[in-house]
Amino acid sequence: MKLFNYFRSSASFRVRIALQLKGLGYDYIPVHLVRGEHHDPAYTGRVGDALVPTLLTDDGVALSQSMAIIEYLDETHPAPPLLPAEPLARAQVRALAQMVACEMHPPNNLRVLNYLVQTLKVDEAGKNAWYSHWARSGLEAFERQLVLLAQQRAAQGLAPSVYCWGAAPTLADCCLVPHVFNCQRFNVPLQGLPLTMAAFAACMALPAFQQAQPSACPDYQP
């Protein structure tokens with residue numbers, strides 16, 4: 001497999017985590033977003049939305065969108081699973097993942113930040129305030145959801161979660177960790193989020209998450 005991605009892209013980071021958790025080898029193909037390499041015809045010819053990541057399967061089929069890629073990997077390489085077996089739990093993990101991928105990430109992705117600065121002429125302080133508002137408010141909602149899930153697990157006699165859900169990393173953790181990395185880069189306050197940050201710390205203690213992080217990528221730039 002080949003993964004077209006950018007070291008700083010949180011969507012790419014999600015997929016790298018999933019590949020590492022499953023022990024799957026792949027060729028790392030850098031696509032530098034800031035330089036506009038995702039608009040190169042050689043890349044846009046593979047995928048309609050001209051975004052990263054793109055996974056080129058062993059059969060040469062190009063898959064886009066990180067969530068779809070991760071679920072494809074989970075279905076074709078089911079061990080270790082990134083979604084629980086029980087339908088309700090699967091829905092709960094997907095909901096956590098989508099809180100990041102569909103609610104927190106879109107307002108703060110590179111295209112939006114560039115539009116704020118280049119077209120709407122928002123200054124650096126305004127851009128950072130925008131980022132911090134959406135990132136922090138999203139994490140506060142995520143923390144509230146983790147509290148509710150913890151209460152539900154306790155009522156069912158289940159052990160407290162080590163990660164976002166349960167005793168092993170899931171799709172939710174693949175999404176949360178890159179978002180927290182971005183928050184750290186933009187100096188978003190992270191205090192007062194005990195369950196969220198405990199899940200993040202548990203993930204970052206694992207080699208798979210360490211090996212997938214931006215600083216471990218061949219195209220990394222400080």
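**Ground rules.** Since the model is predicted, local features need pLDDT of at least 70 and side-chain atom pairs count only at pLDDT 80 or more, while totals for chains, interfaces and linings use all residues. Residues are numbered from 1 along each chain as its sequence is written, and side-chain values use heavy atoms, leaving out hydrogens and water. Helices (H or I, at least four residues) and strands (E, at least two) are DSSP runs, numbered from the N terminus.

**H4 on H7.** I looked up helix H4 (residues 87-104) against helix H7 (residues 171-185), and they pack at about 30 degrees with axes 7 Å apart. The axes are lines fitted to C-alpha atoms, for helices over the stretch in contact, with angles from 0 to 180 degrees between N-to-C directions. H4 and H7 are therefore roughly parallel; angles under 35 degrees count as that, over 145 as roughly antiparallel, 65 to 115 as roughly perpendicular and the rest as oblique. I noted their crossing as left-handed (the near helix is turned anticlockwise from the far one by less than a right angle; clockwise would be right-handed). For the contact (heavy atoms within 4.5 Å), H4 supplies Val 93, Arg 94, Leu 96, Ala 97, Val 100 and Met 104, and H7 supplies Leu 171, Ala 172, Cys 175, Leu 176 and His 179. By class I get nine nonpolar, one polar and one charged. Here Ala, Val, Leu, Ile, Met, Phe, Trp, Tyr, Cys and Pro count as nonpolar, Asp, Glu, Lys and Arg as charged, and the others, Gly among them, as polar.

**H1 on H7.** Next I checked H1 with H7: about 135 degrees, axes 8 Å apart. That pair is therefore oblique, and its crossing is right-handed. From H1 I listed Ser 10, Phe 13, Arg 14, Ile 17, Ala 18 and Leu 21, and from H7 Cys 174, Cys 175, Val 177, Pro 178, Phe 181 and Asn 182. This contact has nine nonpolar, two polar and one charged residues.

**Asn 182.** I followed up this H7 residue. At 10% relative accessibility Asn 182 counts as buried (under 20% relative accessible area; exposed is over 50%, partly exposed in between, with a 1.4 Å probe and protein chains only). Leaving aside residues up to four places away in sequence, Asn 182 touches Arg 8, Ser 10 and Tyr 131.

**Aromatics.** My search of the whole structure gave seven aromatic pairs. Rings of Phe, Tyr and Trp (its six-membered ring) pair if their centres lie within 6.5 Å; planes under 30 degrees apart are stacked, over 60 edge-to-face and the rest tilted. One of the pairs is Phe 4 with Tyr 43, tilted, at 5.9 Å centre to centre and 50 degrees between planes. It joins strand E1 (residues 2-5) to helix H2 (residues 41-44), 39 residues apart, and both Phe 4 and Tyr 43 are buried. Phe 7 and Tyr 220 have ring centres 5.5 Å apart and planes at 80 degrees, so I logged them as edge-to-face. Phe 7 sits in the loop between E1 and helix H1 (10-21), Tyr 220 in the segment after helix H9 (207-212), 213 residues apart. Phe 7 is buried at 1%, whereas Tyr 220 is partly exposed at 36%.

**Val 34.** I found Val 34 in the loop between strand E2 (27-30) and H2, exposed at 58%. Val 34 touches Tyr 6 and Leu 110, not counting residues up to four places away in sequence. Val 34 and Tyr 6 lie 28 residues apart in sequence and 9.5 Å apart C-alpha to C-alpha.
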